[in-house]
Amino acid sequence: MVPKISALRVDMQNYIISLFSLQNQNYKGHGLSKGKEREQRASIRFKTTLTNTLMDVLRHRPGWVEVKDEGEWDFYWCDVSWLRENFDHTYMDEHVRISHFRNHYELTRKNYMVKNLKRFRKQLEREAGKLEAAKCDFFPKTFEMPCEYHLFVEEFRKNPGITWIMKPVARSQGKGIFLFRRLKDIMDWRKDTRSSDDQKDDIPVENYVAQRYIENPYLIGGRKFDLRVYVLVMSVNVHLTNVAVQKTSPDYHPKKGCKWMLQRFRQYLASKHGPEAVETLFSDMDNIFVKSLQSVQKVIISDKHCFELYGYDILIDQDLKPWLLEVNASPSLTASSQEDYELKTCLLEDTLHVVDMEGRLTGREKRVGGFDLMWNDGPVSREEGAPELLGMGNFVTNTHLGCVNDRKKQLRQLFCSLQVQKKASS
């Protein structure tokens with residue numbers, strides 16, 4: 001019997017290193033009217049089509065002014081359809097930011113994600129050996145359908161009786177997903193996806209992935225869950241947030257839901273398995289974020305104007321091994337409860353702090369609110385120290401996921417310190 005599924009929410013943030021410059025001259029301009037640097041601007045003009053928690057956060061941000069219709073903007077939290085239609089024809093001034101990369105789907109379409117991870121794993125094996133390549137073994141065995149159908153059948157027959165899961169590559173929220181154990185089930189699906197002769201040129205076959213189902217998931221209160229991890233991708237550094245909750249627990253209500261702070265989840269695991277096992281689990285999760293972003297670093301068109309808030313779905317098995325299931329391009333920012341609203345408000349506020357339209361940060365910060373700097377052209381240590389010592393056992397990655405963090409106090413200290421530095425330099 002398949003355990004009841006609920007969702008676990010975790011917030012975190014990552015940056016990748018990449019460069020890109022616009023060449024086309026047929027642009028509609030944004031951010032050009034004043035010709036000022038962002039730190040000189042009296043206000044930040046923002047635009048968004050979303051009416052959820054994000055709109056509340058943007059409207060309450062000091063110095064930010066909403067722009068509607070065709071007005072010029074400095075910050076646009078756009079949807080992917082706008083990006084497809086307008087990005088190539090839009091010129092953006094230096095300070096302007098938008099909320100998607102042009103080809104974010106290299107990480108978010110299920111077939112592309114797996115393709116990029118497989119390629120990256122082979123690259124690591126060639127360049128660094130099998131041990132390093134094994135660090136990419138965090139996604140279940142996966143085949144793209146129908147193009148890899150025959151490879152899938154070969155694998156299926158090697159391991160009869162195991163459960164597989166079929167997922168459409170471009171849908172979300174569980175739509176179109178089904179489980180199967182018999183080849184007949186997949187053959188019936190294959191017949192259903194074939195169009196008749198008079199339709200096959202007009203209606204393309206929808207691509208799926210067939211993925212080995214994780215049959216030994218970690219359970220809490222007898223219930224299965226997965227982790228929702230929010231990852232903010234910019235262009236310079238990698239950050240990991242500490243502000244996190246999960247949406248399942250022994251007293252989970254199917255309609256009302258339930259929230260655990262991530263600190264509580266970590267404490268729960270530590271009480272059952274010990275702190276060392278839990279430290280390894282969270283380190284393995286860090287590895288998933290870094291390796292998955294490295295796998296698309298050469299293919300993502302990373303413009304300095306773009307950032308992206310991805311939603312990672314991670315499942316933990318009974319051996320405390322984390323598995324990457326998929327990455328979502330537009331994770332829900334709509335709150336399901338007051339606790340969820342507070343969580344997403346903090347997440348979005350800290351996201352805007354790091355995007356830093358106001359130009360307040362120095363670029364040397366190791367923590368911003370709920371975010372910890374974990375990558376800056378290489379892993380970042382928790383402690384300051386000479387680079388030559390990092391390979392001598394003194395290196396501990398600067399991540400505090402699941403640890404106690406007084407976010408408000410940290411932000412007060414950060415911005416007071418930045419204000420003092422600014423006065424001293426003026």
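One aromatic cluster is formed by Phe 143, Phe 152, Phe 156, Trp 164, Phe 178, Phe 180 and Tyr 208. Rings of Phe, Tyr and Trp (its six-membered ring) pair if their centres lie within 6.5 Å; planes under 30 degrees apart count as stacked, over 60 as edge-to-face and the rest as tilted. Lys 118 lies over the face of Phe 143, 5.7 Å from the ring centre; a charge counts as over a ring if NZ of Lys or CZ of Arg is within 6 Å of the ring centre and within 35 degrees of the ring normal.

This is a predicted model, in which local features need pLDDT of at least 70, side-chain atom pairs count only at pLDDT 80 or more, and totals for chains, interfaces and linings use all residues. Residues are numbered from 1 along each chain as its sequence is written, and side-chain values use heavy atoms, leaving out hydrogens and water.

The whole structure holds 20 aromatic pairs. In one of them, the ring centres of Phe 225 and Phe 265 are 5.8 Å apart with planes at 90 degrees, so the pair is edge-to-face. Phe 225 belongs to strand S13 and Phe 265 to helix H8, so this pair ties together parts 40 residues apart in sequence. Helices (H or I, at least four residues) and strands (E, at least two) are DSSP runs, numbered from the N terminus. Phe 225 and Phe 265 are buried, meaning under 20% relative accessible area, against over 50% for exposed and in between for partly exposed (1.4 Å probe, protein chains only).
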